Amino acid sequence: MKSNHSTTTDIFQDVEPRQLSFGIAILNKERFVDALEKCNSIDDFSSLKNKIAAIRQIITSPRDDSQGLLNIDSNGDTISLRKDVLISELNQILDAQIIGRAKYYLKRLEDGIQKVKTSKINDINLHRWKEYDEIITDSLWRLDKRDASGAHLGWYWGNFIPQIPHQMMLRYTKKGDWVLDTFVGSGTTLIECRRLGRNGIGKL
Ligand SMILES: C[S@@+](CC[C@H](N)C(=O)[O-])C[C@H]1O[C@@H](n2cnc3c(N)ncnc32)[C@H](O)[C@@H]1O
């Protein structure tokens, strides 16, 4: 495609941040880790489940916070977690059939709070992959209608559905990486690079 001045300018227009489609639980990190560690030291399965159920109750009904998990200290660290994911992790512990399995899930939850695990190819924290709303983790990508927002030329039949390079770059690049598109066309990849903080370079 031929480039023109307006296309070049439009690529740099601001994009509205995406709305979060889920609730966030902001917790007192030290107390929450402490509560999980206490659970991990319990040997009686039903006592362990009771403690986990009490934590779940606090997350779902913050008024019942007898443990101060939601009390944020002025100098203390907080941890923000997707509420639905946290509740499902707690449910998984509660649904475990044997204590060993429950403690495995508990340890995994603790790791997600205390550690960051990334790889060479992307910025995804593998300990918290379930919380990425933007990244499709299913093997089948069901995309909504073509993203025609901002600089994307929705009318041009030959271009990528922008969600495709968007998903690919989230999985296979890190912020600040260079992405080369030798078939740049109307610049879909370059626009998505700009949105995702990657450096895009391409040839028409
Ligand atoms: C279908 S368009 C790509 C559309 C692009 N993915 C987008 O979303 O806008 C194909 C592009 O590849 C370029 N192209 C096709 N054959 C080429 C070749 N042999 N060498 C270099 N560029 C080529 C065309 O000029 C055009 O820009």
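Analyst: Happy to. Let's start with the ligand: 11 residues surround it, and the closest are Asn159, Phe160, Phe183, Gly185 and Thr188. A residue is near a molecule if its C-beta atom, placed from the backbone, lies within 6 Å of it. A word on the source: this is a predicted model, in which local features need pLDDT of at least 70 and side-chain atom pairs count only at pLDDT 80 or more, while totals for chains, interfaces and linings use all residues. Residues are numbered from 1 along each chain as its sequence is written.

User: How do you know that the span of helix H3 agrees with its number of residues?

Analyst: Helices are DSSP runs of H or I with at least four residues, strands are runs of E with at least two, and both are numbered from the N terminus. The expected span is 1.5 Å times one less than the number of residues. For the 16 residues of H3 (residues 45–60) that gives 22 Å, and the end C-alpha atoms are 22 Å apart, so the two agree.

User: Which residues of H3 are called buried, and why are they said to be on the same side?

Analyst: Buried means that 20 or more other C-beta atoms lie within 10 Å of a residue's own; exposed means 12 or fewer, and partly exposed is in between, with C-beta atoms placed from the backbone. In H3, Leu48, Ile52, Ile55, Ile58 and Ile59 are buried. They cover an arc of only 110° around the axis (taken from the directions from the helix axis to the C-beta atoms), so they lie on the same side of H3. The face turned away from that buried side carries the exposed Ser46 and Ser47.

User: What makes a set of residues a nonpolar core?

Analyst: Its members are buried Ala, Val, Leu, Ile, Met, Phe, Trp, Tyr and Cys residues joined through C-beta atoms within 7 Å. The largest such core has 17 residues, of which Ile52 and Ile55 touch the most other members. S1, H2, H3, H4 and H5 each give two or more residues to this core, and H3 gives the most, with 5 residues.
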